[in-house]
Amino acid sequence: MDIEKVKGIIVPIVTPVNQENQIKTAPLERMVEHVIQGGVNGILAFGSNGEFFAIDKEEQKKGLQTIVKSANKRVSVYMGIGSITTKEGVLMAKTAEENGADGLSILPPMFISPTDDELYQHIITIAKAVPHLPVLLYNNPGKVGYSLSVSLVVCLSQYPNIVGIKDSSGNVHLTAEYIRRTENEEFKVMAGRDTLILGSLVYGAVGAVASTANVVPELVVSIYEHYCTGDLSSARNAQFELTEFRNMFDRASFPIATKDACNLIGLDVGASILPNTTSSDQLKKEMSEVLEKIINKRDMEE
């Protein structure tokens, strides 16, 4: 993949499953079409919103194959690697390459607390196993329990196929430091918080990995497109509109709100994986009202 394609809006696509946690192919194909028609630049299979932590490896392989086939080269497809062990990470990276992924996103190991040296070796070993695939780092301290330090990211940015990072810390100072300290490298920093897309772009990010793009891809993409054309007023208005919607997700357990919102607009992605269940009736009612407002506004603009 040409690393110039690492930009814009990448959607961490939700994974429709049945009661046995097996992937439902037809709804996943519909999701791929929905987000591509909505203008996204890439699809991340089995990110956090894709519930990678609850889906076995064979099902992940099946899901990736479905996404790659459905995308049909129209957008780049990334595979999320959320392994705790380096060995498993290497195996999943090779599986991703063999099944058509255009790139990887590597989440640092959960539960354990590696040193920077250990993290460096873990990530480099996985990247080295697939030297022709671009690799995005994934900083998510809220879920992993620790952050990727700026000095570690600077070291990793010098490895040939480690081309960028998604920062979900919510700390704009940290995002800015990733950008500032790697500005002499061909290294792409992407926002990982939907509420901070515009702020990150202003600092020099090249785009965002945004869960809300599962639901309202046109709105999310419009923030990026307005910014790129210099229309900061429209970009800010779109960001504020999205923020009102995204803030509602925090009233439900992660990551169920994304699937609930998809279902509210008829995408039929099914339930979240137990023990997660569903948002409260009140929250779904309020999300439905906000979504109706967003969709009606976009229909009027068209």
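This briefing covers the pockets, a cavity, ring contacts and salt bridges of a predicted model. Local features need pLDDT of at least 70 and side-chain atom pairs count only at pLDDT 80 or more, while totals for chains, interfaces and linings use all residues. Residues are numbered from 1 along each chain as its sequence is written, and side-chain values use heavy atoms, with hydrogens and water left out.

**Pockets**

- The largest pocket has a volume of about 490 Å³; a pocket is an open set of points on a 1 Å grid over the protein atoms alone, with protein on both sides within 12 Å along at least five of seven lines.
- Grid points are joined across faces, edges and corners, and a volume is the space filled by probe spheres set on the points.
- The lining of the largest pocket holds 27 residues, and Lys143, Arg193, Arg246, Asp250 and Phe254 lie nearest its centre; a lining residue has an atom within 4 Å of a point.
- Helix H5 (141-144) and helix H11 (256-264) each give at least two residues to this lining, and H11 provides the largest share, 3 residues. Helices (H or I, at least four residues) and strands (E, at least two) are DSSP runs numbered from the N terminus.
- By class, the lining of the largest pocket has 9 nonpolar, 12 polar and 6 charged residues. Ala, Val, Leu, Ile, Met, Phe, Trp, Tyr, Cys and Pro count as nonpolar, Asp, Glu, Lys and Arg as charged, and the others, Gly among them, as polar.
- The second largest pocket has a volume of about 160 Å³, and its lining includes Phe52, Phe53, Lys57, Glu88 and Met110.

**Cavities**

- The whole structure has 3 cavities of 30 Å³ or more; in a cavity a 1.4 Å probe fits but cannot get out.
- The largest cavity holds about 50 Å³ of space, and Phe52, Gly80, Ile81 and Gly82 are among the residues that line it.
- Its lining has 6 nonpolar, 4 polar and no charged residues.

**Rings**

- There are 2 aromatic pairs in the whole structure, a pair being rings of Phe, Tyr or Trp (its six-membered ring) with centres within 6.5 Å.
- Phe52 and Phe53 pair edge-to-face (planes over 60 degrees apart), at 5.5 Å centre to centre and 75° between the planes.
- Phe245 and Phe249 are also edge-to-face, with centres 5.1 Å apart and planes at 85°.
- Phe52 is buried at 10% relative accessibility, whereas Phe53 is partly exposed at 46%; buried means under 20% relative accessible area, exposed over 50% and partly exposed in between, with a 1.4 Å probe and protein chains only.
- Lys143 lies over the face of Phe254, 4.4 Å from the ring centre (NZ of Lys or CZ of Arg within 6 Å of the centre and within 35 degrees of the ring normal).

**Salt bridges**

- The whole structure has 13 salt bridges, each a side-chain nitrogen of Lys or Arg within 4 Å of a carboxyl oxygen of Asp or Glu.
- Arg30 and Asp268 form a salt bridge at 3.7 Å, N to O. Arg30 lies in helix H1 (residues 25-37) and Asp268 in the loop between H11 and helix H12 (281-301), so the pair ties together parts 238 residues apart in sequence.
- Arg180 and Glu177 meet at 2.8 Å, N to O, and both lie in helix H7 (residues 172-181), 3 residues apart.

Methods
Phe/Tyr/Trp six-rings, centres within 6.5 Å; stacked < 30°, edge-to-face > 60°.
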